[in-house]
Amino acid sequence: MAEAGAIPRPIRGAPIIESEVVAMVIVVFCEVMFFAGFLSGFSLIGARAPAGWWPPPGDPALPVAATGGASVALLLSGVAVFLAGRRVAADRAGALRLLWGAVAFASAFLTYQVYEFVRLVAVGFTMVSSAHGGFFYTIVGAHALHAVIAVAVLSWAVRRLSEGALRAPAFTAVRMYWYFVVGLWPVIYTMVYL
Amino acid sequence: MSRALGLAALALLGSAPGVARACSTCMDPTEGSRTLLVVTIFLSLLPIGMLAGIGGYAWWRAEQMRRLAVALPLLERT
């Protein structure tokens, strides 16, 4: 039995990086390449278009300002998850509040995206209306799908944490996925919307 | 015999560049060539950079654990 206040020894044979984190590193690696491929294709198509023809003249202007506002909500969710990660060991209740805040911010972002898609489709901007539309819905839609998965995973983490059953490596993996989803968005926003 | 012919036909098909079409951007050397170059470099270096980052992090963690394992017995003695 360890003495009270004794410094814990590192466990012999303990992994350098936990399995959950390794798995998430592989997932994020693949996801980065997936989005890099799409964004590269988008850049190439845009570069090949004659001057003034990209985006195609018939396509509606993308809602830059409103999406920028929604982006702030997503970034705030990332900040909330970061702070929750720093606080979880000392103040579980505070970390839970922050995680609920992150879920709320991300849900607001996703709700706005659904609204944006509906409005754009209503004015005739679809997957097949132009190459621009195809790339837009593929890239932004794929990111939205990842955000939906991230919200579901974060909700699972919140439930496990409230039960006191969330393992530290699992929480690290969840946070890594969240940072990926949040960190990718400014790149997509800059390349697709601006 | 038929297998050898099949393989020869496949080899001929593979060596005919007019039949195997790449993407339209790659076939056009005049348009978007700078972007193509940048994208090619980016997509080539990205996985290498990420692997280097992951490897660097794993090395740093291993080094950190090794130092901790060396330091703890000394700390416990004081």
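A residue is called buried when its relative accessible area is under 20%, exposed when that area is over 50%, and partly exposed in between, with a 1.4 Å probe and protein chains only. The model is a predicted one, in which local features need pLDDT of at least 70 and side-chain atom pairs count only at pLDDT 80 or more, while totals for chains, interfaces and linings use all residues. Residues are numbered from 1 along each chain as its sequence is written, chains are lettered from A in the order in which they are written, and side-chain values use heavy atoms, with hydrogens and water left out.

In chain B, Arg34(B) is exposed, with a relative accessible area of 67%, and its place is in helix α3 of that chain, which covers residues 33-77; helices here are DSSP runs (H or I, at least four residues), as strands are (E, at least two), numbered from the N terminus. Between the C-alpha atoms of Arg34(B) and Ala71(B), which are 37 residues apart along the chain, the separation is 53 Å.

Chain A contains five helices and zero strands. Its C-alpha trace spans about 75 × 30 × 20 Å along the principal axes, and its radius of gyration is 20 Å, whereas a compact globule of 194 residues would have a value near 16 Å; this radius is taken over C-alpha atoms, and the globule rule is 2.2 Å times the number of residues to the power 0.38. Of the 194 residues in chain A, 41% are buried. Among contacts in chain A with a separation of 6 or more, 79% are between residues 24 or more positions apart, a contact being heavy atoms within 4.5 Å.

Helix α4 of chain A, with 32 residues (131-162), reaches 46 Å from its first C-alpha to its last, close to the 46 Å expected, and is followed by Gly164(A), whose phi is positive, near 75°.

The loop between α1 (19-48) and α2 (64-87) of chain A holds Pro55(A), and the peptide bond that joins Trp54(A) and Pro55(A) is cis, with omega about 0°.

Terms used. Expected span 1.5 Å × (residues − 1).
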